Amino acid sequence: MSGGGGCLKCGRDAITFIRYSGARLCSDHLKEFVDKRFKKQVRLQTDIKRDDLICVAVSGGKDSLVTLSVLKKMKDEGLPIRLEAIIVDEGIDGYRPEKVEWAQTHCDNWDVKLHIMSFERTIGASLDTIMASQPKMAACAYCGVFRRTCLNTKARELGAKYLATGHNLDDIAQSALMNFCSGDLERMNRIGPHDHVIEGLVPRIHPLRGVPEKECLLYALIEGFEVEGSECPYSVDAHRREYLNMLQELEDAHPGTRHSIIKSMDMVRSLLNGESDHVVSDRSEALGRCPTCGEPTGGSSPDALCQSCKFICELGLDG
Ligand code: SF4
Ligand SMILES: [Zn+2]
Ligand SMILES: [Zn+2]
């Protein structure tokens with residue numbers, strides 16, 4: 001944490017300097033700053049009616065814990081929602097069990113029901129087992145697809161109106177930049193928040209999309225959440241890391257770049273969804289249903305298998 005002057009709001013010792021706004025803030029006012037943007041995003045991204053269920057996808061990491069804790073705070077302050085959490089146990093030895101334990105401890109403290117989904121039960125094998133038979137494949141490719149399926153299936157089964165994730169400003173700017181650089185605007189259009197309902201797909205919301213990684217980390221530290229812990233042994237996605245570094249350099253040289261990238265993405269998305277009739281005009285029409293598991297699928301033919309079922313077939317699993 002960095003000092004070097006008083007808080008802009010109250011003059012107490014500042015714990016951080018926000019470069020893109022030029023403000024120094026103390027711990028209380030940093031929390032207030034994060035809460036304010038979080039609540040604004042919840043208002044913008046949702047249409048909440050009494051007793052709507054919001055499920056939070058928790059990973060045991062700081063961002064999803066911050067997401068769950070601020071939503072809990074909003075509920076306690078009178079937002080008329082039901083709140084539950086889902087964690088996916090991919091079956092990664094030495095990594096996931098500890099995170100599941102942390103998530104369970106926090107959910108117990110906050111009186112939030114935690115649902116545990118596992119690859120083992122849902123697709124028929126743990127990630128460790130899959131990777132032992134596919135040593136040349138990138139674990140994250142399987143993991144991302146199966147995790148999305150687990151989360152959507154459980155959230156839908158519970159009747160959730162929204163699935164909230166802990167993606168922060170850095171995560172979303174990085175995904176937008178990657179999709180843009182690879183020319184995959186259709187994929188960029190699928191990044192949440194989802195502002196229209198697609199049958200079978202629980203809309204995702206990202207209340208932290210306006211909050212940078214560093215501020216999420218400070219918030220978690222102030223709140224006393226566990227932020228250390230083991231790294232996923234498969235996390236060597238060099239491509240993603242390249243974009244993270246690039247984004248960091250751009251932000252250092254030009255504070256506010258991440259916000260601008262998200263703003264550009266939002267403008268492109270509104271063009272894609274409203275005015276362009278040759279790329280993706282309406283995802284609800286473009287998505288079919290997987291004939292095997294019934295999950296929504298973006299495949300070009302209406303009876304195409306979803307990516308999860310394709311992987312399950314290739315891997316010879318039961319699902
Ligand atoms: S780093 Fe990759 S394999 Fe590990 S949890 Fe994340 S997506 Fe899954
Ligand atoms: Zn202050
Ligand atoms: Zn399927």
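## Overall architecture

Helices (H or I, at least four residues) and strands (E, at least two) are DSSP runs, numbered from the N terminus. Counted in that way, the protein has 13 helices and 9 strands. Its radius of gyration, which is taken over C-alpha atoms, is 20 Å, close to the 20 Å that the globule rule (2.2 Å times the number of residues to the power 0.38) gives for 319 residues, so the protein is as compact as a globular protein of that length. Taken along the principal axes, the box filled by the C-alpha atoms is roughly 60 × 45 × 45 Å.

This is a predicted model, in which local features need pLDDT of at least 70 and side-chain atom pairs count only at pLDDT 80 or more, while totals for chains, interfaces and linings use all residues. Residues are numbered from 1 along each chain as its sequence is written, and chains are lettered from A and ligands numbered from 1 in the order in which they are written.

## Helices α1 and α9

Helix α1 (residues 27-45) packs against helix α9 (residues 213-223) at an angle of about 125 degrees, with their axes 10 Å apart; axes are lines fitted to C-alpha atoms, for helices over the stretch in contact, and angles run from 0 to 180 degrees between N-to-C directions. The two helices are therefore oblique to each other, given that angles under 35 degrees count as roughly parallel, over 145 as roughly antiparallel, 65 to 115 as roughly perpendicular and the rest as oblique.

Where α1 and α9 are in contact (C-beta atoms, placed from the backbone, within 7 Å), S27, L30, K31 and V34 of α1 meet E215, L218, Y219 and I222 of α9. By class, this contact has 5 nonpolar, 1 polar and 2 charged residues, where Ala, Val, Leu, Ile, Met, Phe, Trp, Tyr, Cys and Pro count as nonpolar, Asp, Glu, Lys and Arg as charged, and the others, Gly among them, as polar.

## Helices α7 and α10

The axes of helix α7 (residues 169-181) and helix α10 (residues 238-253) come within 10 Å and cross at roughly 110 degrees, and α7 and α10 are therefore roughly perpendicular to each other. In this pair, D170, A173, Q174, L177 and M178 of α7 meet Y243, L244 and L247 of α10, and the residues of the contact divide into 6 nonpolar, 1 polar and 1 charged.

Definitions and conventions:
Contact = placed C-beta atoms within 7 Å.
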